[in-house]
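Subject: Structure handover and notes

Hello,

Here is the structure we spoke about. Please open it alongside this message.

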Amino acid sequence: ATYEKDLLTHVRERFSITIPKSLTLHFVHLHEEKHLLQKSKRLTMMAESLGTMKLAWCALSAVTPQVFFDTTGCAFTFFVARLLAGCKVGAYVHYPTISTDMLSLVWKRRPTYNNDAKVAANPIVTCAKLIYYVIFAFVYGLVGSLANLVMVNSSWTKNHIQYLWKLSGKVHVVFPPVDTKSLKVLPLAERENMILSIGQFRPEKDHTLQLLSFAKLLENEEIKKSDVKLVLIGSCRGEDDRQLVDQLQKRARELNIQDNVEFVLNQPYPVLKDYLGRASIGLHTMWNEHFGIGVVEMMAAGLVTIAHESGGPESDIIQSPWNERALDYSNCTGCLASNAEQYAALMRRIIQDGSSSDLAMKIRENGRKHAEQFSDEVFMNTFKGALLS
């Protein structure tokens, strides 16, 4: 009872969603099986996928539903649910476990958060990892194709799922719900010179790029350092995330920007909304973000949003980006960048022109209007449409 109450309270505070009492919820706890999801140091994806299969078996042995609906991205559970438990399987995929982009990174031997520099530097180890990825992608495609209904959260995810789950049927794009209704009432004018970042503190979010971009912005002599502030707001899931925040704070000190950077951790939705109502610029730096709810929230709140030129933000959210070479900004909904120099240049222009300049106000208005395509109402209609198709 306490768990259910705390969970529903969290959902209400973070997402402004109230679950009616008429909706019966039944939780099946698997605390004794949590060891099945322990991280493996070797063959991580395969080990974790096998762990999810075992966990699914434990859950379905306790309660066997008619419909098994997965929103966690654990496609290997489909084998257990459909072939062993006899369930109809639905999937709402937020991020493919493996993608052609991941294969490309290994092939190009590019170091990233999930491709260690030591591996990337060794051609033999790289070849072995590439073979492992190809085999895993093939099996992932087979189990994913067992789903009776497939929904994805963006065009970017759809392209990857269609390529990998070749045997599945139609893939429906259902954009995640964003509370645009409460955000669009925030004032557009008279914003502070605050740059806001929203997102969990995880390596793939690339907060380091935000710090580097901000430091480069402050190097410009035309920018008054004391007037500009970067706020990074997000949640920490555990000790690993907390250590990442410590590393980011250390990096800010190394760049000598610590007095202009604020970290806001694990705060309820009203606190986030307060920052959204004050900030002028929104910052997003994750490469190949599957969708980008934070990007939509910032646009709906009226921020001039600068997102990474990849993934969902590029394909679905900021489809009419503005850059310094563009003379016409009448239809621009935000900005796209891919390196520190580009981010810094865009932030500098917005700050120098002023938060209420014609350029800034037009982007704010267009961004807020475009964000309506990702509202709660649109989600409910497209979700129901996919179920009934």
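Predicted model: local features only at pLDDT ≥ 70, side-chain atom pairs only at ≥ 80, totals over all residues.

Residues are numbered from 1 along each chain as its sequence is written, and side-chain values use heavy atoms, with hydrogens and water left out.

Six-strand sheet

An open sheet of six strands has the order β7-β6-β5-β8-β9-β10, with parallel pairing. Strands (E, at least two residues) and helices (H or I, at least four) are DSSP runs, numbered from the N terminus; two strands pair if DSSP finds at least two bridges between them. At the edges stand β7 and β10 (335-337), each with a single partner strand, so one side of each is left without a neighbour in the sheet. Neighbouring strands are turned by 25° against each other on average, direction ignored. Angles otherwise run from 0 to 180 degrees between N-to-C directions, and axes are lines fitted to C-alpha atoms, for helices over the stretch in contact.

Helix α14 (residues 340-353) packs on this sheet and touches β5, β8, β9 (304-308) and β10, with its direction at about 175° to that of β9. Contact means heavy atoms within 4.5 Å.

At the β7 end, strand β6 (residues 229-234) runs parallel to β7 and is joined to it by five bridges. L232 stands opposite F263 in β7, and L230 has V261 as its bridge partner there. Between β6 and β7 the chain passes through helix α10 (residues 239-254), in a right-handed β-α-β crossover. A crossover is right-handed if, with the strands pointing away from the viewer, the path from the first strand over the helix to the second runs clockwise. Four of the five residues of β7 (residues 261-265) are buried, so β7 is largely enclosed by the rest of the structure. Buried means under 20% relative accessible area, exposed over 50%, and partly exposed in between (1.4 Å probe, protein chains only).

Further along, β8 and β9 pair in the parallel sense over three bridges, with T305 in β9 as the bridge partner of G282. β9 is mostly covered, five of its five residues being buried. β8, α12 and β9 make a right-handed β-α-β unit. β9 and β10 pair in the parallel sense over three bridges, and A307 stands opposite L336 in β10.

Four-strand sheet

The other open sheet has four strands in the order β1-β2-β3-β4, with parallel pairing. Its edge strands are β1 (67-70) and β4 (171-173), each of which pairs on one side only. The twist averages 20° from one strand to the next. Four bridges join β1 to strand β2 (residues 88-93), and V67 stands opposite K88 in β2.

Two helices lie across this sheet. Helix α7 (residues 155-164) lies across β2, β3 (149-152) and β4, at about 170° to β4. Helix α16 (residues 376-388) lies across β1, β2, β3 and β4, at about 155° to β3.

Helices

Helix α2 (residues 44-62) and helix α6 (residues 123-144) pack at an angle of about 30°, with their axes 10 Å apart. That makes α2 roughly parallel to α6 (angles under 35 degrees count as roughly parallel, over 145 as roughly antiparallel, 65 to 115 as roughly perpendicular and the rest as oblique). T44, M45, M46 and S49 of α2 make the contact with Y132, Y133 and F136 of α6.

Seven of the eight residues of helix α12 (residues 293-300) are buried, so α12 is largely enclosed by the rest of the structure. After α12 comes G302, whose phi is positive, near 95°.

Two residues

S280 is found in the loop between α11 (269-278) and β8 (281-283). S280 is buried, with a relative accessible area of 3%. Its side chain makes a polar contact of 2.9 Å with that of R364. A polar contact is a pair of N or O atoms within 3.5 Å; within protein, one must be able to donate a hydrogen and the other to accept it, and residues adjacent in sequence count only if both atoms are side-chain atoms.

M194, in strand β5 (residues 194-198), is buried at a relative accessible area of 2%. Leaving aside residues up to four places away in sequence, M194 touches residues including K229, Y275 and S280.

Regards
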